[in-house]
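Work through the exercises below with the model open. Each task is followed by a stepwise solution.

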Amino acid sequence: MDSRRNFMESVAAGMAGTLFAPARVLGANDRIRLGIIGPGARGQQIMRQAISCPNTEMVGIADIYTRRLAEAKKSAPAARTYLDYRHLLEDKSIDAVLIATPQHLHAEHFVAALDASKHVYQEKTMAFTVEHAPRRKSLTTCR
């Protein structure tokens with residue numbers, strides 16, 4: 001049976017990175033609805049791999065660069081687009097967020113996604129140095 005848990009395991013196994021998924025993924029619905037923040041070249045690769053998994057739907061795409069939004073819509077024509085990632089995170093129908101933004105924005109997007117109760121997939125580190133990490137935590141309260 002395909003489930004969110006199987007999806008998350010296949011994404012984590014298929015791509016190098018870290019997945020932070022709250023315990024509520026256990027027993028969740030059989031379909032996962034994804035959003036992506038930063039659908040650049042790498043982001044679109046991750047997006048295509050994710051939506052190729054069974055019972056997966058890309059429903060939101062956020063980027064400040066409209067050309068990237070248009071390119072990403074070719075892979076997910078039914079997805080809503082957002083110029084501000086915070087509006088994507090406000091969408092309660094989105095279960096998980098793929099973060100593929102420049103590394104200096106990872107902490108901001110990562111923490112905001114967790115605060116919005118989203119599951120998060122992000123390939124690169126959240127902070128540049130050990131000293132940088134505590135400052136990122138102060139952006140908002142981590143759960």
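**Exercise 1.** Which residues lie nearest the centre of the largest pocket, and how many residues line the pocket?

Solution. Keep in mind that this is a predicted model.
- Step 1: Count the lining. The largest pocket has 14 lining residues.
- Step 2: Go to the centre. Asp63, Ile64, Thr101, Leu105 and His109 lie nearest to it.
- Step 3: Sort the lining by class. Eight residues are nonpolar, four are polar and two are charged.
- Step 4: The largest pocket holds about 250 Å³ of space.

**Exercise 2.** Work out how helix α2 and helix α3 are oriented to each other.

Solution. 
- Step 1: Locate the helices. Helix α2 spans residues 41-51, and helix α3 spans residues 66-75.
- Step 2: Take the axes. They come within 10 Å and cross at roughly 20°.
- Step 3: Apply the cut-off. Angles under 35 degrees count as roughly parallel. α2 and α3 are therefore roughly parallel to each other.
- Step 4: The crossing of α2 past α3 is right-handed.

**Exercise 3.** Which residues of α2 and α3 meet?

Solution. 
- Step 1: List the α2 side. Ala41, Gln44, Met47, Arg48 and Ile51 take part.
- Step 2: List the α3 side. Their partners are Arg68, Glu71, Ala72 and Ser75.

Note on methods. Residues are numbered from 1 along each chain as its sequence is written. This is a predicted model: local features need pLDDT of at least 70, side-chain atom pairs count only at pLDDT 80 or more; totals for chains, interfaces and linings use all residues. Side-chain values use heavy atoms; hydrogens and water are left out. Axes are lines fitted to C-alpha atoms, for helices over the stretch in contact, and angles run from 0 to 180 degrees between N-to-C directions. Helices (H or I, at least four residues) and strands (E, at least two) are DSSP runs, numbered from the N terminus. Angles under 35 degrees count as roughly parallel, over 145 as roughly antiparallel, 65 to 115 as roughly perpendicular and the rest as oblique. A crossing is left-handed if the near helix is turned anticlockwise from the far one by less than a right angle, and right-handed if clockwise. Contact means heavy atoms within 4.5 Å. On a 1 Å grid over the protein atoms alone, a cavity is a set of points where a 1.4 Å probe fits but cannot get out, and a pocket is an open set with protein on both sides within 12 Å along at least five of seven lines; lining residues have an atom within 4 Å of a point. Grid points are joined across faces, edges and corners, and a volume is the space filled by probe spheres set on the points. Ala, Val, Leu, Ile, Met, Phe, Trp, Tyr, Cys and Pro count as nonpolar, Asp, Glu, Lys and Arg as charged, and the others, Gly among them, as polar.
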